[in-house]
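Look over the sequence and the structure first, then read the points below.

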Amino acid sequence: MSALLTVHGLRKSYGERLLFDVTRFDIEQGAAYVLTGANGTGKSTLLRMLGGLERCDACSVEFEGSRLPLYPYPGQLRRAIVYVHQHPIMFSTSVGHNIAYGLLARGVDRRQVRGLVDAAMAWAGVLHLRDNDPARLSGGEKQRVALARARVLQPRLLLLDEPTANLDGAAREQVIDLIPTLAGQGVSVVMACHDRDLINLPGVRRLKLRDGQLEVR
Amino acid sequence: MALLDATSHAFALLFSGDPALWHIVWVSIKTSLLGLMLATPPAVLLGYLIAMHRFPGRRIAVWLAQAALSLPTVLIGLLLYLMLSRRGPLGGLEWLFAQPGIVLGQLIIGLPVLLAFTLAAVQALDPRYAETALAHGASRVRVMFTVLHEARYGVMAAVISGFGRVISEVGCALMVGGNIEGETRTITTAIALETSKGEFAQGIALGIVLVTLALLMNGVLVLLQGEAHNPGARL
């Protein structure tokens, strides 16, 4: 497998306290990774930096033959990488409009949007929720809508922050079932998580943040 | 008994369709709405920018925005009077004792209210709204419209509070407008004048109009807030 992204100099500190200092690591094309580590080691921060939501002064990435800084976040990466929050936020429109949001923001023709949204909703098993108020969705439904909203953009890399946190039973299993299908479609996935079932998914590689270093297993 | 008489006379005036009284109401609504329409875009934009961005002097900007809320309207009136008077830098516009002068005053009075309320509404919004928009490829402008849409009830409250502030102020409208009958007489300047003459009926009638307007505007806000639980745009 070839590297989709090679990350250089990913470093974060709060004042004197160094959170992590990662010299270099690769994210392979179409591979799924779990990012583990004790609470407070900076898993979410690392994902947010890769997703352009956290300032990262001296970091850079190699992507499609170019060396790009992570701050200010380049448009090339914005189109290729989508970050999903641990507790996804839903815009106060309809579920369908939430999933269409990124497509409309990227200027996709409205005639194509409907078909793409339908396909993403069918994939996530939320087609029946199209006109629903997102405020009335359960935690599991919200997470699946968030995954559909990210997938519809056909990202090269998906960053998921604790996708099964606070979910249990069938809702958690439904989300776990969706993850391998993403990697199967050539999307690289990095998930920060503690969930044993996600960590033990077949083919999923491990990244561990410990003592400020990233261990690749 | 004098109050009862004046009140019944006030209702008679209101329902008789007295043209002088309704012209005063029209001037008030027109100048207030115009001032508010001109103040809203820059105030909402500034409120959003201050709420969403970290920059040197941000705390001073927040302090100034909030301090401007308590700026006495009579002081704004005095400054505008000096600016718009014949020898002032804006004297050539000939807006003193004319409706454009009142509109300018309403704009200056309404702007801090709109700005401070918008700032508070955007600051109170979960930052994940902006992050989600950004993470899904929205441009900075689209992020702003998304955030303002999510904070819309706060922004609407800002507009309604701004309207309440400008339509009920008296100091600036009196100094800059001059309280000219049929031209620049507004609800509040008319109430002040009629009261000073001991003519309470018209003052009470205009007061009823003012209170009705406030109730209507707030009623609209409550109705719109009731819609908050229904999904808006559909695909």
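Chain B has 11 helices and 0 strands. This is a predicted model.

**Chain B overall**
- Read from the N terminus, the elements of chain B run α-α-α-α-α-α-α-α-α-α-α.
- Along the principal axes, the C-alpha atoms of chain B fill a box of roughly 65 × 50 × 30 Å.
- Chain B has 235 residues, and 39% of them count as buried.
- Take the contacts in chain B between residues at least 6 apart in sequence: 75% of these join residues at least 24 apart.

**Helix 10 of chain B**
- Helix 10 of chain B spans residues 187-196.
- Its buried residues are B:Ile187, B:Thr188, B:Thr189, B:Ala190 and B:Ile191.
- These buried residues pack against four helices of chain B: helix 2 (19-52), helix 8 (152-168), helix 9 (171-177) and helix 11 (200-226).

- Strand 4 of chain A covers residues 60-63.
- Its covered face holds A:Val61 and A:Phe63. Its uncovered face holds A:Ser60 and A:Glu62.
- Strand 1 (residues 3-14) of chain A runs antiparallel to strand 4 of chain A, and 4 bridges join the two.
- A:Phe63 in strand 4 of chain A is the bridge partner of A:Leu5.
- Strand 5 (residues 66-69) of chain A also pairs with strand 4 of chain A, in the antiparallel sense, over 4 bridges.
- Here A:Val61 stands opposite A:Leu68 of strand 5.
- Strands 4 and 5 of chain A form a hairpin with 2 residues between them. In the turn, A:Glu64 has a positive phi of about 50°.

**Nonpolar cores**
- In soluble globular proteins, nonpolar side chains tend to be buried together.
- The largest nonpolar core here has 114 residues. A:Leu159, A:Val189 and B:Leu114 touch the most other members.
- Helix 5 (residues 99-124) of chain B gives the largest share of this core, 15 residues.
- Another core, of 12 residues, lies apart from it; B:Ala10, B:Leu21, B:Ile24 and B:Ala190 are among its members.
- Leaving out residues up to four places away in sequence, A:Val189 touches A:Ala32, A:Tyr33, A:Leu158, A:Leu160, A:Ile179, A:Leu182 and A:Ala183.

Definitions and conventions: Residues are numbered from 1 along each chain as its sequence is written. Chains are lettered from A and ligands numbered from 1 in the order in which they are written. This is a predicted model: local features need pLDDT of at least 70, side-chain atom pairs count only at pLDDT 80 or more; totals for chains, interfaces and linings use all residues. A nonpolar core is a set of buried Ala, Val, Leu, Ile, Met, Phe, Trp, Tyr and Cys residues joined through C-beta atoms within 7 Å. A residue is buried if 20 or more other C-beta atoms lie within 10 Å of its own, exposed if 12 or fewer, and partly exposed in between; C-beta atoms are placed from the backbone. Two residues are in contact if their C-beta atoms, placed from the backbone, lie within 7 Å. Two strands pair if DSSP finds at least two bridges between them.
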